[in-house]
Amino acid sequence: MRYLTFALGKGRLVDSTMELLNKCGITCDEILDKKTRKLIFTNEELKLKFFLAKGPDVPTYVEYGAADIGIVGADTILEENRRVYEVLDLGFGKCRMCVCGPHEAKELLTHREMIRVASKYPNIAKDYFFNKKHQTVDIIKLNGSVELGPIVNLSDVIVDIVETGSTLRENGLEVLEEICPLSARMIVNQVSMQMETERIRKLINDMKEKLDT
């Protein structure tokens, strides 16, 4: 039996993912050891391998077959737009993708005038403004604290993930429009889905069952 390989997005999702897998009888305690230098973790008994990757890389590993299965936020799946199957909404890591800015910027979103939008998610921002709002915008990609955009007059608004909104409020910004709700998702490589249908389907069903309880 060949190994099934999981790519897990680093960070907060890992603990919730392993908790869910534990409920399904799949364990790999090593992966939660913060001191470990290992890159690949194996469950020999179930023929499973796990590795941690930066969120945006997870869909890439899955598309190219380096991982059969990936667990990552919906924001990353939308932004990276890779050829993968999205098979399950895991329901944790909930947040929203929003257009945010100072209160007075709300006006700019109604007139369809040219505005500048800063975001770590240029593809999501572009899709929203061009295809849904039909508003021409200048999109500026940032990697760090996007909230700075409107504060230092780099942009009129930002497109970013919002959980509680406290960072926005502390910086005099607010949610102006919601683009979509987000949560952790399970994605599968297209070839793996055909080659290992039975094992992957069982896994999906087991996880679904545990999510519902």
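This is a predicted model: local features need pLDDT of at least 70, side-chain atom pairs count only at pLDDT 80 or more; totals for chains, interfaces and linings use all residues.
The model contains an open sheet of five strands. The strand order is β8-β7-β9-β6-β10, and the pairing is mixed. Strands β8 (137-141) and β10 (174-182) stand at the edges. Each has a single partner strand, so one side of each lacks a neighbour in the sheet. Direction ignored, neighbouring strands are turned by 25 degrees against each other on average. Strands of a sheet pair through backbone hydrogen bonds, either parallel or antiparallel. The parallel sense is found between β7 (residues 115-119) and β9 (residues 157-162), which pair over three bridges. Ala118 has Ile158 of β9 as its bridge partner.

Helix α4 (residues 122-132) lies across β6 (95-101), β7, β8, β9 and β10. The helix runs at about 170 degrees to β8. His134 lies in the loop between α4 and β8. Its phi is near 50 degrees, a positive value in a residue other than glycine. His134 is exposed, with a relative accessible area of 53%. Lys47, in the loop between β2 (40-43) and β3 (48-53), also has a positive phi, near 55 degrees. Lys47 is partly exposed, at 24% relative accessible area.

A nonpolar surface patch of about 330 Å² is made by Leu148, Ile151, Val152 and Leu154. Ile151 belongs to helix α5 (residues 148-151). This residue counts as partly exposed, at 42% relative accessibility.

Side chains of opposite charge can pair when their charged atoms come close. The count in this model comes to 14 salt bridges. Glu63 takes part in a salt bridge with Arg82 (3.2 Å, N to O). Arg82 lies in the loop between α3 (74-80) and β5 (85-89), and Glu63 in helix α2 (residues 58-63), so the pair ties together parts that are 19 residues apart in sequence. Glu63 also meets Arg83 in a salt bridge (3.2 Å, N to O). Arg83 lies in the loop between α3 and β5, so this pair ties helix α2 to a part 20 residues apart in sequence. Glu63 is buried, at 14% relative accessibility. Arg82 is partly exposed at 29%, whereas Arg83 is exposed at 58%.

Glu177 and Lys133 form a further salt bridge (3.0 Å, N to O). The pair links distant parts of the chain, 44 residues apart: strand β10 holds Glu177, and the loop between α4 and β8 holds Lys133. Glu177 is buried at 18% relative accessibility, and Lys133 is buried at 16%. Elsewhere, a network of salt bridges links Arg2, Asp68, Glu196 and Arg199.

Notes: Residues are numbered from 1 along each chain as its sequence is written. Side-chain values use heavy atoms; hydrogens and water are left out. Two strands pair if DSSP finds at least two bridges between them. Helices (H or I, at least four residues) and strands (E, at least two) are DSSP runs, numbered from the N terminus. Axes are lines fitted to C-alpha atoms, for helices over the stretch in contact, and angles run from 0 to 180 degrees between N-to-C directions. Contact means heavy atoms within 4.5 Å. Patches are made of residues with over 30% relative accessible area and no salt bridge: like charges are joined within 9 Å, nonpolar side chains (Val, Leu, Ile, Met, Phe, Trp, Tyr) within 5 Å. Accessible areas come from the Shrake-Rupley method with a 1.4 Å probe; for residues, only the protein chains shown count as cover. A salt bridge is a side-chain nitrogen of Lys or Arg within 4 Å of a carboxyl oxygen of Asp or Glu. Buried means under 20% relative accessible area, exposed over 50%, partly exposed in between (1.4 Å probe, protein chains only).
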